[in-house]
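Reader: Please present the structure and then take me through its main features in questions and answers.

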Amino acid sequence: MIISVASGKGGTGKTLVATSLALSLKHSHGVVLLDCDVEEPNDHVFLQPEITGSKAVSILVPKIGEDKCTYCGRCAEVCTYHAIAVLGNNVMTFPQLCHGCGACSYLCPEKAISEESRETGVVEWGHSDGVGFIHGKLTVGEAMAPPVIRKVKEYASNDGTVIIDVPPGTSCPVVEAIKGSDFCLLVTEPTPFGLNDLCLAVETVRELNIPCGVVLNRAGVGDAGVQEYCRKQKIPILLTIPLDTEIARLYSRGIPLVEGLPEWGESFRQLLKRVTELVDERNRDTEW
Ligand code: SF4
Ligand code: SF4
């Protein structure tokens, strides 16, 4: 089963939930944690994995053969991402905007475009205390997270339980990380900002037709807006983590919640049990 852990914005406790869920399962399930937050991966800070392998991630970007080019402008027209511009007798490429889709070289009438490899990041893998670990790191200054996220997911086996730490927000990298999941846990906090970002995240997972549930972090502050919204939208709140100075202290020191306060291990195992039931129920409904 693949469970993604997402949030509409950063700083809500997504990493705390993803790492603690993975570590709580280390003795009973084959479990692998994928850190797909490739712009700022930090699950390794909590897991301290032994890294056993790595591979560079590259995409193919266009290289213009000026000797063949007639400056017709077709390549700039077909590039959805504005990664090519033709100005008079000059073709300019912007590799950092290029998604490597190949449309420009395919459609160039003069076959003036070849492709060259451009490194945009790296995938590293290893393990930590019975938990498989894979993360991606986008090269500093690069903007194209999805190819690195795709590679991280490719390296994961789908046996056992796969937990994906998704980038914050609701943009392309989020969609790339979540798609293919059996369930999405949405981590939020009980404040108007938390509710606003939760609504956006729910829209995204519903577009992808992935069932979701909420983990309410820092409960005890704010208001009841999130609970009210979840009740109206029939979204289950599957785990509540209180605002607690001890939890915050552990997090700031890079200590996973279930290791600093082992009594939380059972809460996370119950969370997985509930998610499994919800996925099974949905699969039964789909079969009918
Ligand atoms: S489509 Fe080909 S020929 Fe036309 S401007 Fe682009 S590279 Fe040059
Ligand atoms: S490969 Fe795709 S994204 Fe890149 S420049 Fe060509 S058309 Fe644009």
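**Ligand surroundings, burial and packing**

Reader: Which residues are the closest to ligand 2?
Author: The model is predicted, so local features need pLDDT of at least 70 and side-chain atom pairs count only at pLDDT 80 or more, while totals for chains, interfaces and linings use all residues. Residues are numbered from 1 along each chain as its sequence is written, and chains are lettered from A and ligands numbered from 1 in the order in which they are written. Ligand 2 is surrounded by 14 residues, a residue being near if its C-beta atom, placed from the backbone, lies within 6 Å. The closest are Cys79, Ala83, Cys98, Cys101 and Cys104.

Reader: Which elements give two or more residues to the shell around ligand 2?
Author: Helices (H or I, at least four residues) and strands (E, at least two) are DSSP runs, numbered from the N terminus. On that basis, the elements giving two or more residues to this shell are strand E3 (50–64) and H4.

Reader: How many charged residues does the shell around ligand 1 have?
Author: Ligand 1 is surrounded by 14 residues, and the closest are Cys69, Cys72, Arg74, Cys75 and Cys108. Ala, Val, Leu, Ile, Met, Phe, Trp, Tyr, Cys and Pro count as nonpolar, Asp, Glu, Lys and Arg as charged, and the others, Gly among them, as polar. The shell around ligand 2 has 11 nonpolar, three polar and no charged residues. For ligand 1 the shell has 10 nonpolar and two polar residues, and the charged ones number two.

Reader: Is Cys108 buried or exposed?
Author: Cys108 sits in the loop between helix H4 (103–107) and strand E6 (113–128). A residue is buried if 20 or more other C-beta atoms, placed from the backbone, lie within 10 Å of its own, exposed if 12 or fewer, and partly exposed in between. Because Cys108 has 21 other C-beta atoms within 10 Å, Cys108 is buried.

Reader: Which residues is Cys108 in contact with, leaving aside its neighbours within four places in sequence?
Author: Two residues are in contact if their C-beta atoms, placed from the backbone, lie within 7 Å. Leaving aside those neighbours, the contacts of Cys108 are Arg74, Cys75 and Ile113.

Reader: Is His82 buried or exposed?
Author: His82 lies in the loop between helix H3 (74–78) and strand E4 (84–86). Its phi is near 55 degrees, a positive value in a residue other than glycine. Because 10 other C-beta atoms lie within 10 Å, His82 is exposed.

Reader: How many residues of helix H5 are buried?
Author: Helix H5 covers residues 145–154 and is mostly covered. The covering elements include strand E2 (31–35), E3, E6, strand E7 (131–138) and helix H6 (172–178). Of the 10 residues of H5, the buried ones number seven.

Reader: Is helix H7 roughly parallel or roughly antiparallel to H8?
Author: Helix H7 (residues 192–207) and helix H8 (residues 225–233) pack at about 25 degrees, with axes 9 Å apart. Axes are lines fitted to C-alpha atoms, for helices over the stretch in contact, and angles run from 0 to 180 degrees between N-to-C directions. Angles under 35 degrees count as roughly parallel, over 145 as roughly antiparallel, 65 to 115 as roughly perpendicular and the rest as oblique. Therefore H7 is, relative to H8, roughly parallel.

Reader: How many Å apart do the C-alpha centres of domain 1 and domain 2 lie?
Author: The protein chain is divided into domain 1 (2–57 + 121–287) and domain 2 (66–111), with bounds from an automatic or database domain assignment. Their C-alpha centres are separated by 38 Å.
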